[in-house]
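This report looks at aromatic pairs and at one helix. Please have the sequence and the model at hand while reading.

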Amino acid sequence: RAMASAAPKAKIVAFEPLPLCQPYLAQVAAHYPGVSVVAKAVGAEPGTAELSLRSQVDRSSFSGSGDTNAELLQVPVTTLDIELAGQDVDLIKIDVEGFEDVVLAGAHETVARCRPFVVFEAYELDVLRRVLAFFDKVGGDYAIYRIAENGALRLLADHERQDDETCNFLAWPPHRPLPEGLRVPASYKRP
């Protein structure tokens, strides 16, 4: 909703594999003409995948570990390259509980062609390293910034996460200058 309000003329495509969340997104999309919802997961290749629906819905993921009481759902999977083929893409936001690199693997052509901003989460260092490897492969000219809790951007040095203050990152495309003092507004704090 915040993105649609901030950029009312933008075309926003939201991907949501959880049937429980799709009606909410459809309600949001109904109020913003540029928003569409695709009832699929995104990944490295199209097909189906098993999603663990956990009691805390925002922790649901494709990871088989964790909650033994999780309900398992078969969900359709697409790729960003398929869904966004031929479209201009300025921003990709990824929050998929540890599978950010898998989503990016299915967006290689889109990222190489459009050079969008990419906002992503990486709670674990191995996830961050895999995402950094993607950007090196697609053209190592992206600058990677940590988004601090106060919204400040800090250049990620030596491809290492140096503290636990943040799990949010921004891949900044090389052809766009970084505005002085840019801050990313906080959206919420995760419990």
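How many aromatic pairs does a search of the whole structure find? The search finds five. The structure is a predicted model.

## The pair F117 and W172

A pair of aromatic rings is described by the distance of the centres and the angle of the planes. For F117 and W172, the ring centres are 4.6 Å apart and the planes stand at 75°, so the pair is edge-to-face. F117 belongs to strand 7 (residues 117-121) and W172 to strand 10 (residues 168-172), so the pair ties together parts that are 55 residues apart in sequence.

Buried means under 20% relative accessible area. F117, at 19% relative accessibility, counts as buried. W172 has a relative accessible area of 8% and is buried as well.

## The pair F134 and F135

The ring centres of F134 and F135 lie 5.2 Å apart with their planes at 80°, so this pair is edge-to-face. Both residues, F134 and F135, are buried. One aromatic cluster is formed by F120, F134, F135, Y142 and F169.

## Helix 6

Helix 6 covers residues 125-139, which is 15 residues. From its first C-alpha to its last, helix 6 reaches 21 Å, close to the 21 Å expected at 1.5 Å a residue.

Which residues of helix 6 are buried? They are V127, L128, V131, L132, F134, F135, V138 and G139. Seen down the axis of helix 6, these buried residues fall within an arc of 150°, so they line one face of the helix. They pack against helix 4 (100-105), helix 5 (108-114), strand 7, strand 8 (143-147) and strand 10.

Note on methods. Residues are numbered from 1 along each chain as its sequence is written. This is a predicted model: local features need pLDDT of at least 70, side-chain atom pairs count only at pLDDT 80 or more; totals for chains, interfaces and linings use all residues. Side-chain values use heavy atoms; hydrogens and water are left out. Rings of Phe, Tyr and Trp (its six-membered ring) pair if their centres lie within 6.5 Å; planes under 30 degrees apart count as stacked, over 60 as edge-to-face and the rest as tilted. Helices (H or I, at least four residues) and strands (E, at least two) are DSSP runs, numbered from the N terminus. Buried means under 20% relative accessible area, exposed over 50%, partly exposed in between (1.4 Å probe, protein chains only). The expected span of a helix is 1.5 Å times one less than its number of residues. The arc is that of the directions from the helix axis to the C-beta atoms. Contact means heavy atoms within 4.5 Å.
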